[in-house]
Amino acid sequence: MQEKVKKHSTNGSSGFVPLSSKLTERSQSREVSFFSIELFPPKTWKALDNLVPLLNNFRQLGSLFSTVTWHSTMNQLDNMDDILSMQVAEIALNYCWLDTMIHLTCVDMTTDKMLAILERLKQIGITNILALRGDLNENTVGDFHYASDLVGFIRHHYGDYFTIAVAGYPIEHPESMNKQQDRENLKKKVDAGADFIITQLFFEADVYIDFVDECRAIGIEVPILPGIMPIQSYDSLTKITRLSQLDIPNRIIQDLEPIRNNDEAVRNYGIEWTIHLCRQLMQSGRTPGLHFFTLNRQHATATIVKALEIGYSFCHKPLPWKQPVNHRRCSENVRPIFWSGRPESYVQRTNTWDEFPNGRWGRVHSPSFGSLNDYHLFAALDSITPKNRKRYAAMWGKQLLDEQDVWHIFEAYVAGTNNRFGHKVESLPWNDEGLAPETNVIRHRLSHLNRHGILTINSQPNVNGISSSDSIHGWGSPNGYVYQKAYVEFFISQHKIDCLLKILPHYPLVNYQITNSKGDPFYTNCDEDEPIAVTWGVFPGKEIIQPTIVDVVSFKVWKDEAFSLWMNKWARVYPDEDVESHSVLGSICNTYYLVNLVDNDYPNETCLWSMLEQVIVSNHCTSSSHEV
Ligand code: FAD
């Protein structure tokens, strides 16, 4: 059963690097170059709404990885799908693009159950485990006695497939006979195969420095990450230290006493104290990084890592789209352009693929995409809930009276202006986030189109040999050149389709695909077996990389998702009694067409804008009065 995670080179555009190697590499320098975060699974699905933006923000701040705690009472082991810690770890890894470590306790666990959990972790792509014993209870039974048993068990069954961390206690573990014994027990975990250690929280740098020196003296050589808990409130501080059986230094108690009822003052004190502590740790030359127990709150940790300037830099994009961190997808470097506004949906629909396209989008086989929303985690993240409904209604209109109301929301989104209710439209059902920086170049064109009912959901300007280091269009390794064809995708009315179909034959260098929600009729001049590269890059010493394509097979899958979002997402913002809003959206969904256009003449100014202007003008001349 032993197998290894494929270890790819670190400098390729798609190499998977195990967390253990990332840490070893960083440990070679005396500089602190990263931070990581600990989260706990929220008790309700609703609370996940807050955890996802928190994870995204920490990724953007440059967290190297996240860890998710394990709660034996919360995790229902009878059904692997119900194990909350695994669900959160999966979200962090697959939908927030953050390398993720799961905590796993072995107390009360049988070897069979443990194997089932480890198999499930493999399935979802988790390759990092913090192997723990967990706290004993009165009736503790099970096949494991110590965390070292769990480490040995994982190594025995899975070789070095998993990166394994273990817990270390700068002030000895409360159950241990003495410090020396506790250090020896820690060494047993490392000797059993642990790759690194994360420490229990502590408040003073000397405690950590002495601990590391004691560990080194008995031959523990793996990296030892200090676990740091910014003090966030007086109550949480006393509760956590009581549970961990730790003493709070007198100085902190004295400082906090006068402000203990003022949460903001306590938090600010905690931030200052932690920044000072971290600076001392950084200067000690004993750690490559800092691990923060965030308590699922962002402000304190974010403020501290910004002050310390230790975010792991993600500035350079290896590919034009967000690259997954799941090792199973490490070779993936080609995707259809259609999902660029909904990358989570693409990841979910392709979860079951055994292989991901690398270099070329397979021409011969039709990849089978999973169906949308058949997966409860993704469905939960993507849905309109009573809690977020208000926010969506503010963005997408409290009530829609006619199609122009919808056009206006689209226009406000691309223009970055407020809608007529005075709210910013930060996302649309087809675009989870704001516009990409490169869209700024064509923003005024898109605003104009949307104002006239050409409802754009995806686009890119043409680019002809710009440096791969360009801050807006660049991606891939340095000293390369990147290219792309102008692309635009939009919904339009039947009337405008008639105009467009008349104009298209005059533009032989434009590829198009046009269809309605039923997929009939389907107009195209594309070859079903021939994907069109719309983004590619030329790099020294490498084959041409073409990470984004347009093809007929995936467009046919995408169009179902694209049309479904009118009613399955946007319309859900409105109560059933709001007949007008439902009818406006239903009418667009049932009568509009989805169009994509690729201008293959990428070195020259694109013809797409003048072509669509012709559609607007000819529609003006021939349309019925309501279509302007
Ligand atoms: P062990 O390493 O097995 O140590 C337990 C005790 O046994 C120690 O006193 C040790 O000295 C002794 N010992 C160890 N090996 C031997 C041996 N071979 N022979 C004799 N004695 C031995 N708990 C959770 O329930 N969920 C979590 O998500 C969680 N996350 C944590 C994260 C961190 C960073 C830390 C520091 C702790 C975490 N804990 C968590 C708490 C942890 O489960 C408890 O501290 C638990 O009591 C000990 O776990 P351990 O893995 O350190 O155990």
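Q: How many bridges join β3 to β4, and are the two strands parallel or antiparallel?
A: In this predicted model, β3 and β4 run parallel and are joined by 5 bridges.

Q: OK, and what do β3 and β4 belong to, an open sheet or a closed barrel?
A: They belong to a closed barrel of 8 strands, which runs β1-β2-β3-β4-β5-β6-β7-β8 with parallel pairing. On average, and with direction ignored, neighbouring strands of this sheet are turned by 25 degrees against each other.

Q: Which strands does helix α1 touch?
A: Helix α1, made of residues 19-27, packs on the sheet and touches β1 (34-39), β2 (63-68), β3, β4, β5 (163-168), β6 and β7 (224-228), while its direction makes about 130 degrees with that of β2.

Q: Switching to the ligand, how many residues surround it?
A: The ligand is surrounded by 24 residues, and the closest are W70, D135, Y169, D182 and K189. Sorted by class, this shell has 8 nonpolar, 10 polar and 6 charged residues.

Q: What lies 2.8 Å from a polar backbone atom of W70?
A: A nitrogen atom of the ligand lies at that distance from W70. On the oxygen side, a backbone N or O atom of G134 is 3.2 Å from an oxygen atom of the ligand, and an N or O atom in the side chain of H173 is 2.9 Å from a ligand oxygen atom.

Q: And how much of the ligand does the protein bury?
A: The ligand taken alone exposes 970 Å², and the protein buries 85% of that.

Q: Which elements give two or more residues to that shell?
A: They are β3 (100-105), β4 (128-132), α5 (147-158), α6 (179-191) and β6 (196-201). Of the contributors, α6 gives the most, with 4 residues.

Q: New topic: what is the strand order in the open sheet?
A: The open sheet has 5 strands in the order β9-β17-β16-β12-β11, and its pairing is mixed.

Q: Why is one side of β9 and of β11 left without a neighbour?
A: β9 (335-336) and β11 (463-467) stand at the edges and each has a single partner strand, so one side of each has no neighbour in the sheet.

Q: How do β12 and β16 run, parallel or antiparallel?
A: Strand β12 (residues 481-484) and strand β16 (residues 532-538) run antiparallel and are joined by 4 bridges. Within this part of the sheet, Y483 stands opposite W536 in β16.

Q: Last one, about the backbone: where is the cis peptide bond?
A: A cis peptide bond joins D520 and P521, with omega about 5 degrees, and P521 is found in the loop between β14 (510-515) and β15 (522-524).

Q: And what about phi of D108?
A: Phi of D108 is near 65 degrees, which is a positive value in a residue other than glycine. D108 has its place in the loop between β3 and α4 (111-124).

Terms used
Residues numbered from 1 in each chain as written. Predicted model: local features only at pLDDT ≥ 70, side-chain atom pairs only at ≥ 80, totals over all residues. Heavy atoms only, no water. Near = heavy atom within 4 Å. Polar contact = N/O pair within 3.5 Å; in protein donor to acceptor, adjacent residues only side chain to side chain. Areas by Shrake-Rupley, 256 points an atom, 1.4 Å probe, with all protein chains shown as cover. Nonpolar A, V, L, I, M, F, W, Y, C, P; charged D, E, K, R; others polar. Pairing = 2+ DSSP bridges. Axes fitted to C-alpha atoms, helices over the stretch in contact; angles between N-to-C directions. Contact = heavy atoms within 4.5 Å.
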